[in-house]
Amino acid sequence: MKVTADQALVKKINKSLILHTIRMNAPVSRARVSEMTGLNKATVSNLVAELCGQELVTEAGPGESSGGRKPLILHFNATAGSVIGIELRVKQLTAVLCDLDGGVLQEVDYPLTAHDFPYVLEQMKSIITGLIAQAPPSPYGIVGIGVGVPGMVDDGVVLFAPNLGWEMVGLRDLLESSFGVPVTIDNEANAGAQGELNFGAARNVRHLLYISAGSGIGSGIIIGGELYKGARGYAGETGHMTIEAEGKPCSCGSRGCWELYASEKTYDNPGLSLPARTTSELVRHAIQGQEDVLNHFTSIGEYLGIGVTNLINSFNPELIVIGGALSEAEPWLGGPLRRVVAERTLPYHKQQLEITFSRLGSRGTVIGAGFSAVMHFLGNIRVTL
């Protein structure tokens, strides 16, 4: 297929390439940017000057010289604006105010006592309004809002979120009309995968599975360094793969779904004598050696291992990151999970495989959601032939 582009588009693509090269490699010199992008020095110099004029790049220096005049060093201006990242969970809303490089400036949690959409929307608006008021002065102000939701999303519409009881909810349009800034909506596991890929344990990883384990389970799938969403954007609903053929009924309409056995849903199982019903509270009891909690975390870890084994055998990743609220329980989940994986995974799939827990902890999704808003603002242009 023949692809052509006018001079304005070529300039826009080159400018985006230079900006993201600086963002990911700063501090860096113009000469190094030229080497990394393959663009000539004159093009780099001219476009860097424009980026400096837009206050997206700053100069500092001088840097080290291999002979001759010392170069000025380029930095990405993370304080040029702010974004808001939100994760909608079954029992709470979590939101952060971030700079343009994922640095958390403010954070807020709000418990949800109901799931009906008007109520949740009002709480989201209240949180966003509060964070906007706390944003530091900057050239661009609030440049976007990113939201991670536990369900299937298409073009800003929450198609189906079984744990919330939502179907066909036009969340993006409602938030954009309220706040007048671009809003990105994605599945919470996809947002978490982006958070880990850019700021956490998965930097420079090409084949990643991010498992978001909290009130439910979802997976963000990175193949060849790119987020895989499937034919229509719905990939990653692994919490609803069946691990018990005649198991418990699930809110999705199926039975024996993974998240019924390996997520925070298990805390509400009848007959359990747990001293609390949230992961953070149960972690405190686990630290004190409470036997019922330790046994339950072992059970969750084993069931996590069963599902993770299925995913390893299917996708052959190089790295698996366990994130979400349950990542707080790593000391008690990690051993049982890895033991089950070691026992059940195909031998060649285990070679050079690493399983780790999120470095961002329960913040992975909110930071990833905010990052999506940053990319929308910066214009993450790609050309596919």
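**Exercise 1.** At what angle do the axes of helix α1 and helix α2 cross, and within what distance do they come?

*Solution.* The model is predicted: local features need pLDDT of at least 70, side-chain atom pairs count only at pLDDT 80 or more, and totals for chains, interfaces and linings use all residues. Residues are numbered from 1 along each chain as its sequence is written, and side-chain values use heavy atoms, with hydrogens and water left out.

Step 1. Locate the elements: α1 covers residues 7-25 and α2 covers residues 30-37. Helices (H or I, at least four residues) and strands (E, at least two) are DSSP runs, numbered from the N terminus.

Step 2. The two axes come within 10 Å and cross at roughly 115°. Axes are lines fitted to C-alpha atoms, for helices over the stretch in contact, and angles run from 0 to 180 degrees between N-to-C directions.

Step 3. α1 and α2 are therefore roughly perpendicular to each other. The classes are under 35 degrees for roughly parallel, over 145 for roughly antiparallel, 65 to 115 for roughly perpendicular, and oblique for the rest.

Step 4. On the α1 side the contact (heavy atoms within 4.5 Å) is made by Leu17, Ile18, Thr21, Ile22 and Asn25, and on the α2 side by Val33, Met36 and Thr37.

**Exercise 2.** Describe how α1 meets helix α3.

*Solution.* Step 1. α3 spans residues 41-53, and its axis comes within 10 Å of that of α1, crossing at roughly 75°. That makes α1 roughly perpendicular to α3.

Step 1. The residues that meet are Lys11, Asn14, Lys15, Ile18, Leu19 and Ile22 in α1 and Thr43, Val44, Leu47, Val48, Glu50 and Leu51 in α3.

**Exercise 3.** Which residue of the β9 and β10 hairpin takes a positive phi?

*Solution.* Step 1. β9 (residues 157-161) and β10 (residues 166-169) pair in the antiparallel sense over three bridges, with Ala161 opposite Trp166.

Step 1. Four residues lie between the strands, and Gly165 has the positive phi, near 75°.

**Exercise 4.** Is helix α12 largely enclosed or open?

*Solution.* Step 1. α12 (residues 364-378) has 15 residues and reaches 21 Å from its first C-alpha to its last, close to the 21 Å expected at 1.5 Å a residue. The expected span is 1.5 Å times one less than the number of residues.

Step 1. Of its 15 residues, 12 are buried, so α12 is largely enclosed by the rest of the structure. Buried means under 20% relative accessible area, exposed over 50%, and partly exposed in between (1.4 Å probe, protein chains only).

Step 2. The buried set includes Val366, Ile367, Phe371 and Leu378. Gly379, with a positive phi near 75°, follows the helix.

Note on methods:
Pairing = 2+ DSSP bridges.
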